[in-house]
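Load the model in a viewer and keep the selection tool at hand.

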Amino acid sequence: MVTTRIKAENNIREFLKTHGNEGFLKLLLTNYLYELVMYYLHSAKNPAAQVREDTSYRFYVDGQERVYPPEKIEQFKHGLHAECKKKAEFIVGTLRKMELIERLTENVMADPQVAQLVHEAFESITERT
Amino acid sequence: MVRMGTSRAMKAPATRKWNNVISALKASERNAETVVNIAFSVAINTIPTINPVSTPIVFGISEGLRFVLDVRDKGLEEALKSEAICVSEQYIIPSISDGLWNIALSKMDPEFSNSPFGRLAELAFKKTMNQIMSKGARALVEEEK
């Protein structure tokens with residue numbers, strides 16, 4: 001189905017009416033954190049002989065050297081996504097407390113003090129959620 | 001970047017603590033919450049500041065949020081005109097997302113936009129805009145299922 005300009009416009013309006021600005025932030029941050037964690041979980045640091053100690057190998061092969069079935073891998077990805085959503089909500093909550101949500105349409109990075117607050121809000125991804 | 005046969009993987013964070021992430025992945029019943037918490041905690045602590053991680057997506061947030069609010073208040077045509085975004089009639093949604101990200105890029109220091117985090121932010125930004133423009137309110141609901 002080809003999406004027309006009118007449909008795209010209506011969809012944006014419907015999204016904002018239902019979820020508001022915070023919904024936009026939540027979706028974008030969840031998608032970003034998921035990309036970030038998948039990036040880190042597909043890393044390698046060892047020479048080929050020690051590939052078993054790489055996350056990019058361990059993501060697909062269990063401790064007994066059995067390849068996870070595709071549905072298990074999908075289930076795990078779903079779990080990772082849910083955790084990223086929790087962290088995204090935490091960041092949005094921190095930005096709300098800092099009263100920064102409404103200012104995010106501006107170039108917040110141009111103001112060093114505001115930029116610092118935004119960076120601090122992001123640091124919460126290292127905390128347990 | 002590390003070569004792995006025909007594919008490539010990013011280099012793991014340079015710390016022995018990264019072994020904790022590998023152990024969490026090896027666990028007989030691996031737990032997504034544990035893996036995410038340890039991975040972010042260890043990885044982010046190996047970089048001097050959070051700025052390279054947060055900066056690219058903050059530019060995306062500003063550009064995306066301003067655009068959707070403009071569309072709500074003035075309509076799509078006006079919002080596109082004020083941002084000078086060219087729309088492909090064949091690929092309306094992807095071309096809008098692409099145009100918006102290019103505006104964000106133009107405001108960002110290349111140090112951030114050309115980094116791995118910049119590329120991840122681009123993927124997330126375009127995915128988000130595409131989801132909202134094609135699914136409306138369902139975009140967030142479906143993500144939560």
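Which residues in H2(B) are buried? Select B:Val35, B:Val36, B:Asn37, B:Ala39, B:Phe40, B:Val42 and B:Ala43. Buried means that 20 or more other C-beta atoms, placed from the backbone, lie within 10 Å of the residue's own.

Before moving on, note that this is a predicted model, in which local features need pLDDT of at least 70 and side-chain atom pairs count only at pLDDT 80 or more, while totals for chains, interfaces and linings use all residues. Residues are numbered from 1 along each chain as its sequence is written, and chains are lettered from A and ligands numbered from 1 in the order in which they are written.

**Helix H2 of chain B**

Select residues 32–45 of chain B, the 14 residues of helix H2. Helices are DSSP runs of H or I with at least four residues, strands are runs of E with at least two, and both are numbered from the N terminus.

The buried residues of H2(B) pack against helix H1 (5–40) and helix H3 (70–97) of chain A, together with helix H1 (18–26) of chain B.

Select A:Val37. Leaving out residues up to four places away in sequence, A:Val37 touches A:Leu80, A:Cys84, B:Val36, B:Ala39 and B:Phe40. Contact here means C-beta atoms, placed from the backbone, within 7 Å.

A:Val37 is also one of the residues that touch the most other members of the largest nonpolar core, along with A:Leu28, A:Tyr32, A:Leu33 and B:Ala39. That core has 70 residues, and H1(A) gives the most to it, with 15. A nonpolar core is a set of buried Ala, Val, Leu, Ile, Met, Phe, Trp, Tyr and Cys residues joined through C-beta atoms within 7 Å.

The core draws at least three residues from each of domain 1 (2–45) and domain 2 (51–144) of chain B. Those bounds come from an automatic or database domain assignment. Colour the two domains separately: their C-alpha centres lie 29 Å apart.

**The side of chain B that touches chain A**

How many residues of chain B are in contact with chain A? There are 65, and they meet 60 residues of chain A. Elements giving two or more residues to this side of chain B include strand S1 (2–4), strand S2 (7–11) and helix H5 (92–107). H3(B) gives the most, with 16 residues.

**Whole chains**

Eight helices and two strands make up its secondary structure, in the order β-β-α-α-α-α-α-α-α-α. The radius of gyration of chain B, taken over C-alpha atoms, is 19 Å, well over the 15 Å that the globule rule gives for 145 residues, so chain B is more spread out than a compact globule. The globule rule is 2.2 Å times the number of residues to the power 0.38. Of the residues in chain B, 40% are buried.

Switch to chain A, with four helices and one strand in the pattern α-β-α-α-α. Chain A also has a radius of gyration of 19 Å, well over the 14 Å given by the globule rule for 129 residues, so it is more spread out than a compact globule. Its C-alpha trace spans about 50 × 45 × 25 Å along the principal axes, and 33% of its residues count as buried.

Note on methods: Expected span 1.5 Å × (residues − 1). Buried ≥ 20, exposed ≤ 12 C-beta atoms within 10 Å, placed from the backbone. Contact = placed C-beta atoms within 7 Å.
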